[in-house]
Amino acid sequence: FGDSPLKALVDGFDKWKFVDVKDVLFVDLLTSLFQMTWRPQYRSSKFRHVFGKPATKENCYDGVPITRSVHDNHLCAANPRFIAVITECAGGGAFLVLSISHTGKVDPHHPRVSGHRGNVLDVKWNPFNDFCIASCSEDATVKVWEIPKHGVLKNITVPWKELQGHSRRVGLIEWHPTANNVLFSTGYDYQVMVWNLDAPEQVIKNPVRSISVHPDMVLSMSFNMDGSRLATSCKDKKIRIFDPRTGALLQEANCKSHKASKVLYLGNLKMLLSTGNSRWNHRQIALWDQEDLSQPLLQEDLDGSSGVLFPFYDPDTHMLYVAGKGDGNIRYYEISSEKPYIHFLTEYRSHLPQKGMGIMPKRGLDVYSCEVFRFYRLVTIKSLIEPLSMIVPRRSESYQEDIYPMTAGCEPAMSAAEWMSGMDKGQSHFLTSLCRCRSAVTNGRDVMLCSPPKTENELRQVFYKQQEEIRRLREMLSQREVRIKQLELEIKNVKNSQSSH
């Protein structure tokens, strides 16, 4: 309170004599005022007011027979052109590949990718090829598929590559983040296998490397930024860090107060995040120093629910999203490299529970609506795939450069052979705005891949969207022209000042 009379009242608190209830209430009021004065200030952040905006019914994917598998995977994958989701089917395993613009009611007889003899357990798009997707199955194989540019118009049963090496069902696959055509798989035989898809044969039976140090099933895999380290979480609740080329075990966490189920590298922050359970079986997140897994830097209990927590991290905004399987909540945080490390922002809540979810790469977002992340929630009780956009509220509709730094590109940093030989390179990057202009997409959708409108109303909606995109592009062009004129004037002024000297 400074030197105000109120401070003197508080300083003489021990000499006060209470006469009745009113005096006690007055002291309570003064105490509350004092506590409010010394309350720590809010942390400044441009992402404090990020909110989740679910898609309208017509922009969802309705009537999708989502798999009833209890496997704790995302069960869905997305890129700027397609969305893939594992489906329920009789006799073998299959998944749907839909054009990202193919919203609304999905035909129950829509063609599928159906070459597996057992249930499909995981699907992942190639980060460097939007027309290439890998899948793994209970039939102990991994298959890599080429998707036609116009989409799946008939059932696809013959893969581009078939990987045969696991002795039991394969539950998880991951693409290398910087090397082209390098795929990792792990299954119920406790092996992590490394595959080089540049091999000439169509059926590859020998992996480049087989890592066999896990005593139980691997639950998740995560690479660091340049792909030189691989972190895994295992059913024995331990976190391990490997050299993915040699398979050498570099570190192992053995923290009894945190039983990890999922692990995730946090970009270039040199930290790992794991989700799991505490010793009291509360859902929990833990933060680790990637150089020292002896004890977590931070542990935080979330709730007492039983569903698995899926972590997602955006290295461009340093935002962490934690989504619970079996509930409709998504908590999001901002991560910093200094204590207290994790800063809670807010929580998206829905009464519709999610079974799994896919995420859109940054290059597929709608930058003009300030979208910084997009989920595709699998809602089994409605047979629905619901896009959920995370929006930074801004008044201007122009491109916001401060929330879209250089992001991971769609070009590989090196070939599979270069990576196998020991080379490490960081991800290729580009500006999101440049990618948007170059690929001419409409609200994150490629115009060339849009299926033809079936009704007059659909045709009208496409027309309005294209008109809006043209307006936005014109606005951005006029801003660039103004900026060019400013720079030309500055150059002219510099030349004039130099000539005068």
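**S137**

I began with S137 in this predicted model, and at 0% relative accessibility S137 counts as buried. For my own notes, buried means under 20% relative accessible area, exposed over 50%, and partly exposed in between, with a 1.4 Å probe and protein chains only. S137 is found in strand β9, residues 132–137. Helices (H or I, at least four residues) and strands (E, at least two) are DSSP runs, numbered from the N terminus. I then listed what S137 touches, where contact means heavy atoms within 4.5 Å. Leaving aside neighbours within four places in sequence, S137 is in contact with H116, G118, N119, V120, L121, R169 and V170.

**Ground rules**

Residues are numbered from 1 along each chain as its sequence is written, and side-chain values use heavy atoms, with hydrogens and water left out. Since the model is predicted, local features need pLDDT of at least 70 and side-chain atom pairs count only at pLDDT 80 or more, while totals for chains, interfaces and linings use all residues.

**Strand β4**

Next I went to β4, residues 82–87, and found that strand mostly covered, with 6 of its 6 residues buried. I checked both faces: F82, A84 and I86 are buried on one side, and I83, V85 and T87 are buried on the other.

Then I looked for the partners of β4, keeping in mind that two strands pair if DSSP finds at least two bridges between them. Strand β3 (residues 76–78) pairs with β4 in the antiparallel sense over 3 bridges, and A77 stands opposite A84. The hairpin that joins β3 to β4 runs through 3 residues.

On to strand β5, residues 93–99: 6 bridges join it to β4, and the two run antiparallel. Here F82 stands opposite S99, and I83 has L98 as its bridge partner. The hairpin of β4 and β5 has 5 residues between the strands, and there I noted G91 with a positive phi near 75°.

**The sheet around it**

I put these strands together and got an open sheet of 4 strands in the order β3-β4-β5-β7, with antiparallel pairing. Strands β3 and β7 (113–116) stand at the edges with a single partner strand each, so one side of each is left without a neighbour in the sheet. Neighbouring strands of this sheet are turned by 20° against each other on average, direction ignored. The axes behind that angle are lines fitted to C-alpha atoms (for helices over the stretch in contact), and angles run from 0 to 180 degrees between N-to-C directions.

**S389**

My next stop was S389, which lies in strand β31, residues 384–391. S389 is buried, with a relative accessible area of 16%. Its side chain makes a polar contact with the side chain of E371 at 2.6 Å. A polar contact is a pair of N or O atoms within 3.5 Å; within protein, one must be able to donate a hydrogen and the other to accept it, and residues adjacent in sequence count only if both atoms are side-chain atoms. Leaving aside neighbours within four places in sequence, I listed F51, G52, K53, E371, F373 and R374 as in contact with S389.

**H343**

I found H343 in strand β28, residues 342–348. At 15% relative accessibility, H343 counts as buried. I also checked H343 against L320, 23 residues apart along the chain, and their C-alpha atoms are separated by 9.6 Å.

**Residues 470–497**

Last, I looked up the UniProt record, an unreviewed entry, which lists residues 470–497 as "coiled-coil region". UniProt positions are given in the numbering used here, feature names are shortened, and annotations may be inferred rather than shown by experiment. In the model, the span is 100% helix and 0% strand, and its end C-alpha atoms lie 41 Å apart.
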